[in-house]
Each structure stands twice: as C-alpha cells, then as structure tokens.
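The following report describes a two-chain model, moving from confidence to overall make-up and then to local features. Please read it alongside the sequence and the coordinates.

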Amino acid sequence: MNRKFLLYAIIILTGLVYIGKLFFLQVYQRSFSNSPLNNAAIKTKYEYPNRGYIYDRNGKLLVANQLSYDIMVIPREVKDLDTLEFCSLLDIDKESFLKRLKKARRYSPRIPSRFLQQLSKDDYAYLQEKMHKFKGFFIQKRSIRQYPIKSAANVLGYISEVNEEFLRKNKYYHQGELIGTLGVEKTYEEVLRGTKGKSYIQRNRFNKEIGSYKNGIYDTLAQSGKDLTLTIDSELQQYGEQLMNNKRGGIIAIEPSTGEILAIISAPSYDPNLMVGRGRSKNSVLLFGDTINKPTFNRGLQGTYPPGSPFKIVSALVALQEEVITPETYVKCYHGHRYGIRSKAFMKCHCGLVGVPIRLNQAMYRSCNTYFSNAYRKSIEKYDTPSEGMDAWNQHVTSFGLGKYFGNDLSVGQPGLIPNAAFYKKYYPKGRWRAVTTISNAIGQGEILTTPLQLANLTAIVANRGFYYTPHIVKSIKGMEVDRKFITKNSTSIDKKHFEPVIEGLFNVFEKPNGTARASRVPGIEISGKTGTSENYIKINGVRTKLKDHSIFIAFAPKDNPKIALAVFVENGYWGSRWAGPIASLMIEKYLTGETKRPLIEQKMMNGSLKDEYDKQLSTPQIEK
Amino acid sequence: MYFGLVFLGWLNIYSVTITDEELNLLNLTTGYGKQILWILLCFPIIVVVLMLDVKFYEKFGAIIYLVALLSLIGLFLFGKNINGATSWYPIGTFTLQPSEFMKAATALAMAKLVSDKQFNLKSPKQQLQAILILFLPAILITLQPDPGSALVYISFFLVLYREGLPMYYISIGVIAVVLFVLTLAFGANTVSMSLLLLFITFITFLSIKRQRLLKRGWPAMTFVYILATLYVLGCNLVYNNVFQQRHRDRFNILLGLSEDTSNIGYNTNQAIKTIASGGFGGRGFLQGERTQGHFVPEQDTDYIFTTVGEEWGFIGTTFVIVLFIVFMLRIITLADRQKMRFSRIYGYSIAAIFFFHFAINIGMVIGLLPTIGIPLPFFSYGGSGLWGFTLLLFIFIRLDANRTYEW
C-alpha cells in the first residue's frame, strides 16, 4: 500500500526542513553576534567616572571638574504642566519650550532626552525645590570641566560631545557623551576619561526596564580618570600670556635637559571657561568664527613662519660639521651676497661691518647675512652637484627635528618645511639651480618654514650641545609610565665640539656692546640668544605684498647647564630686538629668578600693542616697511 | 506488552512536553497555576476516556460530532469574545474553547463514516458526504472568526487520501496553492501570461507529435486552461478584495514583496530574533532575556516554540522537532496496525491533525509560513487545547488497547 507513505514522507520532510532552518537561524547566523549582552532586550546603563584633573609641573591645579545639571524630559509623562511657570523658571520662551519638547518627543516619547543643558549650581538649587511640580521632567547631574586659572586654553583644549564620525569609528563612545576634542584633553583622552561603569538592565518590549540583568553579574564599576601632571609652568605660562597682550604670535619654552615644555603661549587666546557650560555653543561659534584673530589657532604649535636669523645657527653648525669653515674662517662683507645664477639679484646685509674680516663669533652677534650665506654656499658646493649638496644639507637640518612632525603628545602641530633636492627639481625642471639660487635658506628665509616649537627645540639642541628629547607636555600620569619616546635622546648629526664656538657667538649677542640684543641683557643671568627678523609676504588680490617683518627671538639660559630654552615669535613685530628679544629675556628672568627687576621693559611689553599694525593689513593693500 | 511499551513512550513524550511547558510558565504566575490545574484535570479525562468501551466511540461518533457542532453554534449566542474571536465559553474565571474538542469529534465522525463497508471514496456523492463533515465545523469556526483553527480541517484530506480519495483532489489542492502563491509573488498578469505560453507550447507540442491526442482532448485541455486562468485572476480578486489588509501584509512580507516598515511582521521578526538568540546550546532555563522581556507577543500560546528556541537553543528545538516526528510516525505506524478500519482512520486523523498543528505552528514561528494562529500541541498554554489533544490521543490509545484485547 503506497498511500500510507505519503504522510510519512511529508512529516519527515517537514521536520528536516524545520531543523535546517533552525540550524541556519540558531547556529549559522548566530555566529555573527556572539556576546550574550549584545541583545535588544538588554539595555546598558552607564555610570560616568570623574574625569582626571590636570595639574601643572608645580602641582597647581589647572583643570578641575564641576557639576552641571541637565534638565531631562520623558515626553510621555509630561502632564498637567504649568507651562508659563516652567518657562519663566528656566528663562526660556514658550516657543523654544514647545520646540524642545517636540524634538524630544520625536526622538522617543518613552526615553528620557535632554531638554536643557548645563545649568549652573545656582539654577539647580533654585529649580530643585520646584521640580516635583513638573511631571515628566527631572534633573540629571553631569560632570563638566572647570578652569581655575584662565590660561593655556589652547594647550589644555576642551571636551565636547563626541561627533558622529568618531562614533562610527570608536565603539566606546555613545551619542551625547563628552570627549576631549583638542589639546591635552584630546591627546590624553583615554587616561583622563577613566572607564565608564556599565550596568545591564533587562527590559521588555516597550523598552521599559524590568530589573537588573542576571542580578548584575556583568556589571562593572566606573573607574575614575587618572590625574595628569603637565610639564607646563603655569606661572610662566600666565606671565607669557600677559607679555603677549594685544600681539599675535607664540612663545614656546622648553627645559633642554628633559624636553619638557614649560610654556606654550599662543596669542591671542581665550578664557578656557568659555568652552564650558550653557554658553559653550555660542562662544565656540564666536571663537572659531573669528578668522582674523584666530584665537583657537595655536600659533606656538601650528603657526609656520620663516625662522629668519636664528636659522643662521644651523647654517653655521652644518658648515662646521662639513668642515668647510672653521671658527677662524673669515669673510668680508660688502653689504650682502648675490643670489640667483646669472641674475644681479642681491641679498642685502646690514651688519654694518663693511670690508673687515668677519669671523664666526662676530658674524653671529652681528647677524651678518653675508657670512652665513658664504658658509651655506660652501656646504652645498662641497659636493659635486647641487642636488647632492642640498640633500646632505637637508640630512643635517632635519636631524634638528625641523621639517617634520615631532609625533609628540600635542594634539596639533605642523611639520614646517625644509627643502631638499627633489623640492628644487620640481621648481626648476631643467636643473638650473645652484647653491646661490637657494642662498636665502642660509639665513632662514627662502623656502624654510618652522613652527615656534621647532625653533624652541632647536634652541634646546644648542643648549644641550647636540641632542634633544622630543618636546612633550606630560610630566607624569598617576600610576602610569610616561611614553618611552620622551626619555630617549635624539642626537643631531653635528658633533658636540662645533657647538661651543656658536654658543660663544650667541652669548655675545647679549654681552657685546654692539650685540643685537644688548638692550635685553639681564644682569646676573648668562643668556645666549639670537635675534630674528623674518620677512613675510601675503597675497592681497593676487599681488605678493610684503608685510611688516616678524619679530623673532630664540634664547637659552644659563649659558652653562641651561634650564630654559625658548623661542618667541611676534607677528609683524619688525626687528627681533624690538619685541621678541625683550619678551624672551623677561620670560627667562621670570623663570630663573621667579621675579623680574626691569619694570620699565616689562610694562612696555605688556602694554605694547600691535593692533594698529594688524588693522593696517586689513585696510590697506600696500604696507610700507 | 507492546502496548505497555508504546504507552510508556507516549507517556514519556507527554510528560516531557508538559514539563517543559510548566517550567516555562513559572514566571507567568497565574498562567502557570492555571496550566497546572489543566494538566491535573487531564487525568480524570484520561481515566474516563480509557474506561469507556470502544463500541461507545464507534456508535456515538456521529452523536458526539453533532453535540460538538451544536456547541459551536451555541458560541454565537453565549460565547465570550477574546482577541476579536468569539471562540470561548466562559466558565467562572476559566474559558472553554469548543473548537478544540471539535477536532476529536470530527475525527470520530469521519472515522465512523469512512469505516462503513459500504462507503467508497471513489463515488462523488460519498466524497461530498466526507467533505461536508469537514466543512461544517470549518465554516462555523471561520465564522467565529478563527480561520487558523479552521484550516486544521484541511489535514483530513490526507486521511481521505490514505483511505482511497483519488489523487487528483490533493493534486488540485497543491496546484491551487502553488498558483495562489505565484499569483501573489509575481502578479496575476505575469502568471496568466505564462499560463497562456505554457498552454500554447503544450498544444503546439501535441499538434506536432500527438495529433490524435490533441483531437480527442482539446476541449478538456482548453477547459483546464481557462479554469486555471480564471482561478489565477480570481485569486487576485479575492486577495485584493476579500482578504483584510493584515492578511495581505503577512503574505507580502513573507514573500518579500514589501519592506516591513511599520512593524507588521513584528511578531515574526521578534520570534526569529528570539529563536536566533538561543544559539546552539541556548541561554539556559529561565535565562532567555528576550523571553523574560516579553518581546514576543503571545509567547505562552502560539509562540511558545520561541521559548524553547531561546532557552534551550538548537539542541532543544531539534529535540522537540524530532520528538514530534517520532510521536507522529508512531501514531501512523500504530494506526496501520489496526485491524478495525474505524481505529485506523481515527489514528490517521489524529496524526494528520497533530502534523498540521506542528507544521503550521513551527513554520510560522521560524518565518517559513505566514502567520496563522494555531497552537503547538501540548506546549501552548490553554486548557481547552490541552484537553482537546489529550482526548484525541487517548481515544486512540483506547482504540489501540482494544486491538490487543481482541486478538
């Protein structure tokens, strides 16, 4: 009887098909979501840890936390609301109230969403008593940043809500959470933030919570962020900021023996407290929208300028290392040096020592362009072709940390530019370039670009006589080791012995009666330094227009066993000795002695304003020298 | 002795399924308590069923059937409306669903009718009688409306086929279903056009190779073709006009015709996710968080299988399916052994009913079939269902026991 097998067959077939489908569902597809907590029925609740505090090198508190209060709303539960009273309490108008409520409702009627952000403590105290009257609203505490000292905004950075792009990349963060966006807050985000505490909540199909998942065996406690001690000396930092009042530019101070950055000053700056609290969004628009002063642009780290005369130090060192000059080699200066291959172009010199033999020391403190141009030319022409010479030169120069990123713990930076042979080949495809074509590199003009940080590091190298530690900003992290990179010595390609004659020259910049920074001498402190006056141009309506020179100064002190090396850039400040020199000397004096004894210069620097100069750039296209 | 073994086997299946059910309901305190009561009340029923003489079932089959029918009709007067269907008699806090007992009654009546020595399924008149027995309760249940339960009566066709119903009934049924699904999936026009193409190709083929066959059979072929086309068009018409939107949605989502934007397939989606979350070994007893979170609607009744899926995993679900298959095959094997035609037909009927429930329910839960709300035998919560299935099963055991005594 065949007929009875039909039912058998159907039953077995159905069974097999079902088992197959179940295998697909439960075993095959299942492998894609392996965590037991990865489930719609489990809601993860986070407990936010305290963000780590930030201290300066002397243990002074720079960044702390304060509580802020958000008003949250569950739209479904809003009932019998006295809208008028509520609005007047929160100081918002009815329109904005309705808009916010609508937005919250659109997000979800059942899940709390943020109604009003970051109320102050005072508001909270006032509101708290009345909150019970408004069903569906409640107050949620959040920890936000507080800056006891109004300084170093660009260094410390700020925290803000994590953006969507980052959310996609990093699974740790969730919508609405705060993350370090700039500065130290960004670089040390993982240290500072700590670890969120997680608790898993079982919920039903309406997203309503019905209790802890498995009695909380998977739950974790929040771990507070670690405190950070920076290398910044907050007093020096603040002092520098005062000196840079109404000026644009940057100051970087480094402790040469460790590579620790003592101060990063960028002017103009802003009060870090502006980026916190209810006014944050408004303020950030103002700060980031100021394209003229660019207060959020860290000139100390991001500003790339032609280094000007301080670069002569490198020119001299390279020439010494290549053994094309000795400290006794002399050059006679007749108001400058020609440049270009056949052109009659001429690079002027105003060292004022016409026709007399100039040796390295004198060339250094008088800043003779002719001397260093000769040295540069000899270094390059030592090799058979300009290309080889250029690349050898480039090797030396980049060993000073110039022309590349430091890869340190600062959130922003610029590599600057140190040209090599390939660079010039691109601009002179027919190979028609020689040492004299690029002669302005010798004095830190031409193609060379550096940041104040790189220049400060260069100063530290000179102070150290030939090596540097990568400049960094973190001194210690509680319970953690600092990156090994920061305690590894980086050597330059210049022998130690070549530094002494150069330093003698730099010392004489202050000491010799006709040294370029004689006026900035500080009694009792042996400062070595170099002025710089760097030409700079901008394009205005397509015309290359010369702007007033940048005032630059580098210095380190004391001469032996240096404690501080710094670089000062004052945009359009003209001669290095006019603004940058005095500022540098004041900074050194302040740092080494804790006080300054030259109130006249100090007052002049603090009150001096270059505002007129900057306004000129905006109003007239032609700027006279 | 064999009976004892078989009985133990059944009892084992029975107790396993019941235990599972009971444990799952530990959290639904009221449901759990009630279900225990239902289970306990099963025993007197079993005793009564087993005490009654076989002759009783044979003789009173028709009367039981009529009484059950009356109870269905009575629903329209005294029934309680739950979830939009008037399928329950309220008795105190409990409710009774006569359609569950109707299955047993229909199986008895069918067995009674077909086991008659005079009865021949080849005769159209008697086919009509058999079909009438099925359709009366089916129509009454559809009117409640509870179309899911009504569909169960289709399973009797398998029994009738086994007892000699010509093949073409089932063939026509299968073709009708296939055409229906095709019509929904590809649209009436496409299907009727392809039917036309098929017809033309067929005729052309015949006109070349088998001219004589064509000459004799063309009216019938044309008739079949026209009928099929009409059916396809009719399907479309019925689908669009008679079906309710929710039914259409269910089909559309299953066939992938429309994206499930407004959570129409919520049940199925949630069911599949829940089952999938069980993985190979399951979350462990009472550890299924989707179960505890009540993500799946009707999880204690029609979607009970999702609990098995989540908490016991692939191992559990496979075990349950294998158990059911063994159980049903066992019934069929036993039915085939019956000397009495009545017992055999009855056995086949219950096997078919169990199979239909099993296939539709699990198929629906794992998303292979459209959502049709019928319970999984012995698993789903509900006293009437449990009693109904118990009745079905134990009447058969009684009949089977009789076999041993008489021979």
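## Confidence in chain B

In chain B of this predicted model, confidence is lowest in helix H1 (residues 2-24) of chain B, with a mean of 44, and highest in helix H15 (residues 341-365) of chain B, at 83; the score in question is pLDDT, the predictor's confidence in each residue on a scale from 0 to 100. Helices (H or I, at least four residues) and strands (E, at least two residues) are DSSP runs, numbered from the N terminus. Across chain B the average pLDDT is 71, and 68% of the residues score at least 70.

Over residues 1-29 of chain B, pLDDT stays under 50, and for this stretch the model has 32 contacts beyond four places in sequence, a contact being two residues whose C-beta atoms, placed from the backbone, lie within 7 Å. Where pLDDT is low, the predicted coordinates should not be read in detail. For the complex, the predictor gives an ipTM of 0.71 and a pTM of 0.60.

## Conventions

Residues are numbered from 1 along each chain as its sequence is written, while chains are lettered from A and ligands numbered from 1 in the order in which they are written. Because the model is predicted, local features need pLDDT of at least 70 and side-chain atom pairs count only at pLDDT 80 or more, whereas totals for chains, interfaces and linings use all residues.

## Make-up of the two chains

Chain A contains 21 helices and 22 strands, and 42% of its 625 residues are buried, a residue being buried if 20 or more other C-beta atoms lie within 10 Å of its own, exposed if 12 or fewer do, and partly exposed in between, with C-beta atoms placed from the backbone. Of the contacts in chain A between residues at least 6 apart in sequence, 72% join residues at least 24 apart.

Chain B has 16 helices and 3 strands, and buried residues make up 40% of its 407 residues. Among contacts in chain B with a separation of 6 or more, residues 24 or more positions apart account for 68%.

## Helix packing in chain B

Helix H4 (residues 98-115) of chain B packs against H15(B) at an angle of about 140°, with the axes 8 Å apart; axes are lines fitted to C-alpha atoms, for helices over the stretch in contact, and angles run from 0 to 180 degrees between N-to-C directions.

On the H4(B) side, the contact includes Lys103(B), Ala107(B) and Leu108(B), and on the H15(B) side it includes Arg341(B), Phe342(B) and Ile345(B). By class, this contact has 10 nonpolar, 2 polar and 3 charged residues, where Ala, Val, Leu, Ile, Met, Phe, Trp, Tyr, Cys and Pro count as nonpolar, Asp, Glu, Lys and Arg as charged, and the others, Gly among them, as polar.

## Helix H12 of chain A

In chain A, helix H12 (residues 312-321) and helix H15 (residues 386-398) pack at an angle of about 120°, with their axes 10 Å apart. H12(A) and H15(A) are therefore oblique to each other, given that angles under 35 degrees count as roughly parallel, over 145 as roughly antiparallel, 65 to 115 as roughly perpendicular and the rest as oblique. Their crossing is right-handed, and the contact is made by Val314(A), Val318(A) and Gln321(A) of H12(A) with Trp393(A), His396(A) and Val397(A) of H15(A); by class it has 4 nonpolar, 2 polar and no charged residues.

H12(A) is mostly covered, with 9 of its 10 residues buried, among them Val314(A) and Val318(A). Glu323(A), which follows H12(A), has a positive phi near 60°.

## Local features of chain A

Ala456(A), in helix H17 (residues 452-464) of chain A, is buried, with 32 other C-beta atoms within 10 Å. Ala456(A) and Ala253(A) are 203 residues apart in sequence but 6.5 Å apart in space, C-alpha to C-alpha.

The peptide bond from Ala267(A) to Pro268(A) is cis, with omega near -5°, and Pro268(A) sits in the loop between strand E12 (260-267) and helix H10 (280-289) of chain A. Ser367(A), a residue other than glycine, has a positive phi near 55° and is buried, with 27 other C-beta atoms within 10 Å.

Notes: A crossing is left-handed if the near helix is turned anticlockwise from the far one by less than a right angle, and right-handed if clockwise.
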